[in-house]
Structure formats: C-alpha cells, structure tokens
Amino acid sequence: FQADRQTRKHSAHTLKAYRQDFLTIAALLTNGHPSRLTLTDITKESMRTAFIAYASDHEAVSIRRCWSSWNALCTFLYSSDQLLANPM
C-alpha cells in the first residue's frame, strides 16, 4: 500500500502522517500491538470503536485525515481482494 501511495508523489510529510495514522489506529485495534494487526482485525465495528477512541483526544482535522488514510488503505485492500468490503 505504501508503495502505491508513493507513486502518487505525496510529500514526505504526508507519507509520515499516513504512517502515523495507520500506527495509531492499528494500536487501538490491537490493544497497543500494531505490528500484530491482521486483516481479520479490520471490521466495521472495530474501526468504529477505534475512531471513537481516536476522536476523544484529536482535533477534527486530524480525525478527517486519519479517516481518509484508513479509507484509502481499506479501499486498496478491498480492490486487491484482501477484504470482502471496505469497513470505513
């Protein structure tokens, strides 16, 4: 996915923000162990719960950016037949 994003010529700052967004939500989905994230962890309910927790201490603009990052990832996973649907 990150290789796909790089072909879009995003700035280094934007790519860093993507990584931060992914790690933060992945940590929420895995009880603090983002490296253990699996595709089965990414469900509509788990994403909703993670974003509720994320929203509790982030500004609206950060929430929108993070949601957009995860939506792009989930769209990518869905388009490559790794998820049955985009849970976002």
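Phe22 and Trp70 are both buried. In this predicted model, their rings form an edge-to-face aromatic pair, with 5.7 Å between the centres and 80 degrees between the planes. Phe22 belongs to helix α2 (residues 12–29) and Trp70 to helix α4 (residues 60–79), so the pair ties together parts that lie 48 residues apart in sequence.

**Aromatic pairs**

- The count of aromatic pairs comes to three.
- One of them is the edge-to-face pair of Phe22 and Trp70.
- Phe51 and Tyr54 also pair: their ring centres are 6.1 Å apart and their planes stand at 65 degrees, which is over the 60 degrees required, so this pair is edge-to-face.
- Phe51 and Tyr54 both sit in helix α3 (residues 44–55), where a spacing of three residues separates them by about one helical turn.
- Phe51 has a relative accessibility of 10% and therefore counts as buried, the cut-off being under 20%.
- Tyr54 is buried as well, with a relative accessible area of 3%.
- Tyr18, Phe22 and Trp70 are linked into a cluster by ring pairs.

**Nonpolar core**

- The largest nonpolar core has 17 residues, and those touching the most other members are Ile25, Leu29, Ile42, Met47, Phe51, Cys66 and Trp70.
- Helices α2, α3 and α4 are the elements that give two or more residues to this core.
- The biggest contribution comes from α2, which gives six residues.
- Cys66 touches Asp21, Ile25, Phe51 and Tyr54, when residues up to four places away in sequence are not counted.
- Phe51 and Tyr54, which pair with each other, are thus both in contact with Cys66.

**Largest pocket**

- The largest pocket holds about 200 Å³ of space.
- Its lining includes Phe22, Leu23 and Ala26, along with Pro34, Ser35, Leu37, Thr38, Leu39 and Ile42.
- Trp70, Leu73 and Leu77 also line the largest pocket.
- Helices α2 and α4 each supply at least two residues of this lining.
- By type, the lining residues divide into 10 nonpolar and two polar, with no charged residue.

**Single residues**

- Arg19 is located in helix α2.
- With a relative accessible area of 37%, Arg19 is partly exposed, a class that lies between 20% and 50%.
- Arg19 and Ser69 are 50 residues apart along the chain, and their C-alpha atoms are separated by 8.9 Å.
- Asn31 is not a glycine, yet its phi is positive, at about 55 degrees.
- Asn31 is placed in the loop between α2 and α3, and at 71% relative accessibility it counts as exposed.
- Asp81, another residue other than glycine, has a positive phi near 60 degrees.
- Asp81 is found in the segment after α4, and its relative accessibility of 72% makes it count as exposed.

Definitions and conventions
Residues are numbered from 1 along each chain as its sequence is written. This is a predicted model: local features need pLDDT of at least 70, side-chain atom pairs count only at pLDDT 80 or more; totals for chains, interfaces and linings use all residues. Side-chain values use heavy atoms; hydrogens and water are left out. Rings of Phe, Tyr and Trp (its six-membered ring) pair if their centres lie within 6.5 Å; planes under 30 degrees apart count as stacked, over 60 as edge-to-face and the rest as tilted. Helices (H or I, at least four residues) and strands (E, at least two) are DSSP runs, numbered from the N terminus. Buried means under 20% relative accessible area, exposed over 50%, partly exposed in between (1.4 Å probe, protein chains only). On a 1 Å grid over the protein atoms alone, a cavity is a set of points where a 1.4 Å probe fits but cannot get out, and a pocket is an open set with protein on both sides within 12 Å along at least five of seven lines; lining residues have an atom within 4 Å of a point. Grid points are joined across faces, edges and corners, and a volume is the space filled by probe spheres set on the points. Ala, Val, Leu, Ile, Met, Phe, Trp, Tyr, Cys and Pro count as nonpolar, Asp, Glu, Lys and Arg as charged, and the others, Gly among them, as polar. A nonpolar core is a set of buried Ala, Val, Leu, Ile, Met, Phe, Trp, Tyr and Cys residues joined through side-chain atoms within 4.5 Å. Contact means heavy atoms within 4.5 Å.
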